[in-house]
Amino acid sequence: MANPFTLGVASGEPLPDGIILWTRLTGVPNRPVEVRWQLAADERFTTIVRQGTARALPEWAHSVHVRVAGLQAGAEYFYRFRFGSHVSTAGRTRTAPDPASVAPVRFALANCQRYEHGLYTAYRHLAAERPDVVFHVGDYVYEARQAADPVRRLDRTGEARTLADYRARYARYKADPDLQAAHAAAPWVPTWDDHEVADNYRGRGDGSAAFLRRRAAAYQAYYEHLPLRVRPEGGGLRMYRRRTYGLVADFMLLDVRQYRDAGSMLGAEQEQWLLSRLASSPVRWKVLVQPLFFARRFVPGPPPNLRPDSWDGQPAERARILGAAPGLVVLSGDVHNHWACELKADFLDPHSPPIGAEFVCSAVSSRPPETDADAVLGANPHIRFFDAHRGYLSGTAGPSGFRVSHKGLDASGARTVAEFITDGKGIIRVDV
Ligand SMILES: [Fe+2]
């Protein structure tokens, strides 16, 4: 039998005492099979901490999500899987620290990885950093049919609509060695945007049974290919959640698609959850991890000058969030360029003081739109930085400061194109 571990391994959803281990077997018979797993304290697997057997079921595309508990907080572990005589590559992972910890957390963030648009070189560099945790803010796959002028080709080129289509799309993307390396380097905590289902979809779409079937299929395939802690139920999948790193960083992952309608980005339940955590969290940095441009962004030229698909479509909801958490940090993406912004209670008042910071991550591979960056920077004084390189974010949150590097790719590799610190008010660019 051929190697069944062609899609790599992953870990995710770190808690102080637990982690999820993931793989998906390919080329196995269409029935339940058993796969063995091991978690070790060292890279050579001389000290095995836990081991066991997991069932991989055909109805979940032979994916496994092993829930390991009872681990040490803030500790590094290594894991691998075995099926028959085949052993997977080994992954590195790390639990979240103790709730009282004040140790800094090193994180990375990526998004927008359209396969035909380019190679995943950004992930090779991200993997080499071995961060404590990796966030992904959406467009992990693109449902659309193969783009014109592909740098590399999909195997199934049509638009994904069925469970089989979405599974095939993930399988193509996840065969990439650099993406596999990024998963094997650190635990991931992902959230999604629109292209995991359909371009710019909102909530229940047109409400038709056909759309809800399609959405359920897309959510199922997403679950099958990522190291999530919860599985889909009744056509939905709970994605909004927090992952807390001691007393230092409270990362709040948002779902800006599933509950959305014309009047709300998050839906009432998710907004209530967010506002109440923002108001009560004892943690130094409250960090929104979500896809969409959060600061006001007026684009001069023909209307619409404010993009309705971003937070500019829900300014009242945005104001409620900003009002609940002075010193908020927002990590976002979606627009395929790097930007850095100061957040304000009143974006239109030049004397309104900055009350937070936003770092917008460029794409791993997706092509950028035509952007007149000078015009946007000129029209929005609170937007302070633009860069057009593909790349990712690399950051450190500590008890006293929050630092973010915008990483850009060029012929020589990945370099810091700009680095900022925030003290919870504005942003300060630092020399690197
Ligand atoms: Fe994208």
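I began with helix H2 and looked up what lies over its buried residues: the cover includes strand S2 (18-24), helix H3 (177-185) and helix H4 (209-225). I note here that I am reading a predicted model, so every value below is computed from that model.

**Entry on H2.** I listed the buried residues of H2, and they are Asp165, Tyr166, Arg167, Ala168, Arg169, Tyr170, Tyr173 and Lys174. I then checked the length of H2, which has twelve residues and, at 1.5 Å a residue, should span 16 Å; the C-alpha atoms at its ends are 16 Å apart, which agrees. For my own understanding I wrote down that an α-helix has 3.6 residues a turn, so residues three or four places apart point the same way. Two of the buried residues of H2, Tyr170 and Tyr173, turned up again when I looked at aromatic rings, where they belong to one cluster together with Tyr115, Tyr120, Tyr123, Tyr140 and Trp188.

**Entry on the iron ion.** Which protein atoms are the donors of the iron ion? I found Cys112 through SG, Asp139 through OD, Tyr142 through OH and His336 through NE2, at 2.1 to 2.4 Å from the ion. Along the chain these donors follow the spacing C-x26-D-x2-Y-x193-H. Asp139 sits in the loop between strand S10 (133-137) and helix H2 (163-174), while His336 sits in the loop between strand S15 (328-332) and strand S16 (338-344), so this pair ties together parts that are 197 residues apart in sequence. Asp139 and His336 are both buried. I also looked up the angles among the four donor atoms, which run from 85 to 168°, and the site is irregular.

**Entry on aromatic pairs.** I counted 24 aromatic pairs in the model, and I followed two of them in detail. In one of them, Phe293 and Trp339 are edge-to-face, with 6.0 Å from centre to centre and 75° between the planes. Phe293 lies in the loop between strand S14 (285-289) and helix H6 (315-324), whereas Trp339 lies in strand S16, so the pair ties together parts that are 46 residues apart in sequence. Are these two residues buried or exposed? Phe293 is buried at a relative accessible area of 1%, and Trp339 is buried at 0%. Phe359 and Phe420 have ring centres 6.1 Å apart and planes at 40°, so I recorded this pair as tilted. Since Phe359 is in strand S17 (residues 354-360) and Phe420 in strand S21 (residues 413-422), the pair ties together parts that are 61 residues apart in sequence. Phe359 has a relative accessible area of 0% and is buried, and Phe420, at 2%, counts as buried too.

**Entry on two serines.** I looked up Ser264 in the loop between strand S13 (249-253) and helix H5 (268-280). Ser264 has a relative accessible area of 12%, so it is buried, the cut-off for buried being under 20%. Its side chain reaches the backbone nitrogen of Gly267 at 2.7 Å, and, apart from neighbours within four places in sequence, Ser264 is in contact with Gln314 and Glu317. I then turned to Ser400, which is in the loop between strand S19 (391-397) and strand S20 (402-410). With a relative accessible area of 68%, Ser400 is exposed. The C-alpha atom of Ser400 is separated by 29 Å from that of Trp311, a residue 89 places away along the chain.

**Entry on the backbone.** Where is the cis peptide bond that I noted? It joins Pro303 and Pro304, and its omega is about 5°; Pro304 belongs to the loop between S14 and H6. Next I looked at phi, and I found a positive value near 55° for His62, which is a residue other than glycine. His62 is in the loop between strand S4 (48-56) and strand S5 (63-68), and it is buried at a relative accessible area of 7%. Asp149 is not a glycine either, and its phi is positive at about 50°. Asp149 is found in the loop between S10 and H2, and at a relative accessible area of 63% Asp149 is exposed.

Terms used
Residues numbered from 1 in each chain as written. Predicted model: local features only at pLDDT ≥ 70, side-chain atom pairs only at ≥ 80, totals over all residues. Heavy atoms only, no water. Donors = N, O, S within 2.8 Å, 3.2 Å for Na, K, Ca; no water. Tetrahedral: all angles 85-135°; square planar, octahedral: opposite > 155°, others 65-115°. Helix = DSSP H or I, 4+ residues; strand = E, 2+ residues; numbered from the N terminus. Buried < 20%, exposed > 50% of the residue type's maximum accessible area, 1.4 Å probe, protein only. Polar contact = N/O pair within 3.5 Å; in protein donor to acceptor, adjacent residues only side chain to side chain. Contact = heavy atoms within 4.5 Å. Expected span 1.5 Å × (residues − 1). Phe/Tyr/Trp six-rings, centres within 6.5 Å; stacked < 30°, edge-to-face > 60°.
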